[in-house]
Amino acid sequence: MDSFVARQPIFDRDLHTVAYELLFRSGMNNFFPNVPADYATSQMISDQFLGIPTFRFVGENISFINFPYQMIVQGMADILPRERVVIEILEDAVPDDALFEAVRYLFASGYTLALDDFAMDDSWDRFLPYITILKFDVKANTFDEINGFLKRHELQLSTKNLLAEKVETYDQFQQYKDQGFHLFQGYFYSKPEIIQSKRLPHNAAHLFQLMSEVNAPELNFDKIEHILEHDLSLTYKILKYARNIVHRVSGINGADNLTLKKIAIYLGRSELTRFVSVICLANLSNKDTRELYHLSLSRAKFCEIIVERTLSTCCAQGAFLCGLFSLLDTMLEIPLEEIFEQIALPSSVRDALVHKQGTLYDVLSLVQSYERREWEAVQQQAKKLNIPGWAAVDAMGDALAWADETVS
């Protein structure tokens, strides 16, 4: 299952790329599909910020992300890492009190905000102290219209970054550069470039179950953990979500005894609701029929069973995550070390999957040898773990049954 995003560079006065606007696409056709704006933005968040590590698309540059009115008012924008994004308020947003309060909150939280296709309407004047970037559509407005607005608001705009978008010729670039614009975007420099990547599949039943639990009168964190650990994509994305908002939730990053239940408790109802809202809106139509998905689940359960039954000094939750994430590099076609830079994980899991060391790596090696039917290696690994060989046989039978039940 693939994800698509168009990347268009934003460049400075010296024609150096300083940022990228990421645009939702439904396929390799380079145009915005006929979908609601909130769906497009939710899909972008789910795939590009909670899924594939975004730096693979933009490097060290900032990403500009379009946000419709409703998602800003509902508090969805600060799901994203504030140091990596510019929140673009879409041109059809209504400059009312609800949006004004949401913008003030985002600004106070350290986010950079831009007005997309700025309408040069006085109703936006009170927003300007909280806006860093104004994007002027040079096709929709003449140079004289834009110049007149800049002169009338010279004092208010003295500290703003002015961006000319839809610049199609060098002469236009030079004209707005001479006018004092700082940033530029348009076909003169580069058309949007389509980037195709892998998307983790979701189980629709798990999404509905998680939605139900998060909206229950009393949160049952044991049930929430149970749902999360049965879905590879949900587990991966909530770990990355937690990493993204670590500046607002203490106690997550670097905790070796981290469990999915603890993450859910740290996040609380409000953050869990936002997480579920984004993921559900973006992914309820996805299917999870991949063989790799089933294999990830069986590995996870196998590792958990081995640890629970035989290795009391090792964390069973860590063993589960180790097996669950062991095929992410194959699924996403990205090295594990790059993926794990984006999510919060116990060091024991990271050591096993990236550095190939520690007890969890020995457990993972055991299940991999079993899958390949390398029985001599199974015996050697079992001996290294100080467990009887039949323990692996029993664990695999139970793990496969559990995985079958989960995906069905």
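Which loop holds Lys166? In this predicted model, Lys166 sits between β7 (161–165) and α6 (170–178). The backbone of Lys166 is marked by a positive phi, near 65°. Lys166 is a residue other than glycine. Its relative accessibility is 37%. Lys166 therefore counts as partly exposed, since the value falls between the limits of 20% and 50%.

A positive phi is also found at Asn386, which is not a glycine either. Here the angle is about 65°. Asn386 belongs to the loop that links α17 (375–385) and α18 (389–407). Asn386 has a relative accessible area of 69%. Because exposed means over 50%, Asn386 is classed as exposed.

Helix α10 spans residues 260–283 and includes Ile265. The relative accessible area of Ile265 is 45%.

Rolling a probe the size of a water molecule over the atoms shows where empty space is left. The model contains two cavities of 30 Å³ or more. The largest cavity holds about 50 Å³ of space. Its lining includes Ile89, Leu90 and Glu91. Leu115, Asp116, Asp117, Phe118 and Ala119 also line the largest cavity, as does Trp124. Six of the lining residues are nonpolar and three are charged. No polar residue takes part in this lining.

Conventions: Residues numbered from 1 in each chain as written. Predicted model: local features only at pLDDT ≥ 70, side-chain atom pairs only at ≥ 80, totals over all residues. Heavy atoms only, no water. 1 Å grid on protein atoms, 1.4 Å probe; cavity = no way out; pocket = protein on both sides within 12 Å on 5 of 7 lines; lining within 4 Å. Points joined across faces, edges and corners; volume = space filled by probe spheres on them. Nonpolar A, V, L, I, M, F, W, Y, C, P; charged D, E, K, R; others polar. Helix = DSSP H or I, 4+ residues; strand = E, 2+ residues; numbered from the N terminus. Buried < 20%, exposed > 50% of the residue type's maximum accessible area, 1.4 Å probe, protein only.
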